[in-house]
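I opened my notebook on a new model today. Here is what I looked up, in the order I went.

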Amino acid sequence: MKNQFFQLSIATRDGQFIARYSAKGLAELRFPSVGRASPRAASRRRRGNESHFLNSELRTPNSELNGDSSRRLLQIPTHILRWHRATAAGLKSSLAGRKPKNLPPLDLAGTEFQKRVWNALRKISPGQTKSYGEVAQAIGKPKAVRAVGGACGANPVPIFVPCHRVLAANKKLGGFSGGLDWKRSLLAREGIEFNV
DNA sequence: AGGCTCATGACTC
DNA sequence: GAGTCATGAGCCT
């Protein structure tokens with residue numbers, strides 16, 4: 001039984017996030033679905049692999065780990081639960097504009113290029129920003145500015161891999177896979193100024 | 001300030 | 001291969 005994933009939800013003041021775990025770590029973090037997810041992202045997910053998803057039934061509105069095990073459909077390995085606690089705590093720190101500590105391992109699936117970009121993003125600390133061009137420089141491909149934007153958009157674990165801290169050269173917003181409202185909000189929580 | 005154009009790397013179909 | 005970008009710089013008006 002390989003390629004098994006566990007999905008668990010995290011209730012926050014900003015809505016219910018969904019965390020997806022592979023055997024290696026946190027593989028995906030999804031923003032609260034305000035409605036339909038973008039069709040593009042959805043099809044990318046579908047194409048991804050044939051793994052089957054094991055959804056745990058989590059219903060308790062205000063706890064990130066459901067205590068009500070009677071509704072649980074499957075056994076969640078303890079290491080996943082441990083990661084999930086770290087994710088939930090880290091997420092809440094991040095949403096408050098603080099640096100998370102003790103994040104779970106991240107299992108970022110992507111091309112070599114994308115992983116280099118995501119790695120560079122993780123070095124941008126809260127309150128700091130870089131431009132797409134500066135990220136391109138940081139990974140040694142100064143001309144790959146647009147490709148950096150593409151890699152940001154493909155980031156499976158937003159917030160922990162802080163693509164919201166990447167602004168356009170003029171300090172304007174650029175884009176954001178989770179919607180520009182989220183980007184604005186996340187930047188504001190870290191006290192980051194940007195141009196309209 | 002806004003608009004247009006082009007170079008550009010990576011990715012998708 | 002053409003088309004698509006979460007860019008950037010340059011050059012207009």
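**Fold**

Reading along the sequence, I get β-β-β-α-β-α-α-β-α-α-β-α for chain A, with helices (DSSP H or I, at least four residues) and strands (E, at least two) numbered from the N terminus. I note that this is a predicted model, where local features need pLDDT of at least 70, side-chain atom pairs count only at pLDDT 80 or more, and totals for chains, interfaces and linings use all residues. Residues are numbered from 1 along each chain as written, chains are lettered from A and ligands numbered from 1 in written order, and side-chain values use heavy atoms, without hydrogens and water.

**Core**

Of its 41 residues, Phe17, Leu91, Val117, Trp118, Leu121 and Ile159 touch the most other members. Helix 2 gives the most to this core, six residues.

I then followed Trp118: beyond four places in sequence, its contacts (heavy atoms within 4.5 Å) include Leu108, Ala151, Pro156 and Val161.

**DNA strand C**

Which residues are closest to DNA strand C? I found Tyr132, Gly133, Arg146, Ala169 and Ser177, among 14 that surround it, near being a heavy atom within 4 Å. An N or O atom in the Tyr132 side chain is 2.5 Å from a base nitrogen, and one in the Arg146 side chain is 2.7 Å from a base oxygen. Gly133 places a polar backbone atom 3.0 Å from a phosphate oxygen. Helix 5 supplies the largest share of this surface, five residues.

Conventions. A nonpolar core is a set of buried Ala, Val, Leu, Ile, Met, Phe, Trp, Tyr and Cys residues joined through side-chain atoms within 4.5 Å. Buried means under 20% relative accessible area, exposed over 50%, partly exposed in between (1.4 Å probe, protein chains only). A polar contact is a pair of N or O atoms within 3.5 Å; within protein, one must be able to donate a hydrogen and the other to accept it, and residues adjacent in sequence count only if both atoms are side-chain atoms.
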